[in-house]
Amino acid sequence: MINRRSILLSAAALAFVATSASAQDYKAKYPELTFAVVPAENASGVTERWAPFVAYLSKELGVKVNLRIANDYAAVIEGQRSGNIQIASYGSASFARARLTGVQTDAFANDINIDGSTGYYSVFFVKASSPYKSIDNLKGKNLGLVDPNSTSGNNVPRFELDKMGISDADSYFSKVVFTGSHENAMLALSQGTVDVAANQWTNDNDSTLQQMITKGMLKNADGSVMKKDDFRIIHKSAPIINGPYAYSSALPEDLKAAIAKAFTDAPTKDKAAFDKLSDGQKKGFHAATTKDWDATIDLIKFVDALRKKKAS
């Protein structure tokens, strides 16, 4: 006898079968996924920081997720363009660059800071023992910048310098040193290779500098470990939106939804793995959309125009 209860049970069973089949579909097509990050620190530090979270993603998605530590942001951009990278951790500028150059990638989340905000700053650091109090004091000195596609380590610093009337950093400073990573920029500053270094800073407890201080990576000439007070910020930008996590646009919708949910659930489902990412300085993941970084595209276009002006 067919009654309302049997109809409901049948409908539920069909829905379960459909959902299970859908999940199996993406698992069959994507038995493995590659998640790429760009190191702000040395490779071993990145692996230690990200490996537990990637293991968590593998468990939640039901497929193996491989961690790829990219050499630079360009490698992430090209990896997503070619389809070899399905999930990526971008900086705001590198994500804008990916979009500008036609990479089919969609933002789905970014970090929530411990205070609930979703932004950070680009700052110029000098040694506290130096006489430099502002960029005006540094004409003819050495400037350390990060990867050309770094937001806080290259693009925003150039924008900030232009606001100060310095449209050509190469002529204002004696030398512009491209350090590659955020850590290398601070190492160059600590060792005297550069006199001022651009870097990322969220607050006194959440920055590349703080991570390096915690690990005892910065040393004085006599070998003694440097402290946070050994450095001084002489300029801070306006807030920058935290960079996005993005997946390839071509992924199946159910896989995209599963990835986004795994990120959202991480602080409660695997707090240890989540806290490892930021030394406990992040609160969670904020749901985001690609359009949230439209303003960053304008920044990239501006910096590109500066470079073309210099080259002409």
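## A mostly covered helix

In this predicted model, helix α7, which spans residues 182-191, is mostly covered, with 8 of its 10 residues buried. The buried residues are His182, Glu183, Ala185, Met186, Leu187, Ala188, Leu189 and Ser190, and what covers them includes the helices α3 (73-82), α5 and α8 (208-214) together with the strands β5 (119-127), β8 (196-203) and β10 (231-236). After α7 comes Gly192, whose phi is positive, near 85 degrees.

## The crossing of α5 and α11

Helix α5 (residues 151-163), which is among the elements covering α7, also packs against helix α11 (residues 294-311) at an angle of about 70 degrees, with the two axes 10 Å apart. That angle makes α5 roughly perpendicular to α11, and the crossing is left-handed.

On the α5 side the contact is made by Asn154, Asn155, Val156, Arg158, Phe159 and Asp162, which meet Leu299, Ile300, Phe302, Val303, Leu306 and Arg307 of α11. The residues of this contact divide into 7 nonpolar, 2 polar and 3 charged.

## Two nonpolar cores

The largest nonpolar core has 29 residues, of which Phe35, Phe53, Leu61, Ile259, Phe263 and Phe285 touch the most other members. Two or more residues each are given to this core by β1 (32-37), α2 (43-61), β4 (105-113), β12 (244-248), α9 (253-269) and α10 (271-278), and the largest share, 7 residues, comes from α2. Leaving aside residues up to four places away in sequence, Phe53 touches Phe35, Phe263, Ala266, Ala273, Leu277 and Phe285.

A second, separate core of 18 residues includes Ala185, Ala197, Leu209 and Met226; Ala185 is also one of the buried residues of α7.

How values were computed: Residues numbered from 1 in each chain as written. Predicted model: local features only at pLDDT ≥ 70, side-chain atom pairs only at ≥ 80, totals over all residues. Heavy atoms only, no water. Axes fitted to C-alpha atoms, helices over the stretch in contact; angles between N-to-C directions. Helix = DSSP H or I, 4+ residues; strand = E, 2+ residues; numbered from the N terminus. Parallel < 35°, antiparallel > 145°, perpendicular 65-115°, else oblique. Left-handed = near helix turned anticlockwise from the far one by under 90°. Contact = heavy atoms within 4.5 Å. Nonpolar A, V, L, I, M, F, W, Y, C, P; charged D, E, K, R; others polar. Buried < 20%, exposed > 50% of the residue type's maximum accessible area, 1.4 Å probe, protein only. Core = buried A, V, L, I, M, F, W, Y, C linked by side-chain atoms within 4.5 Å.
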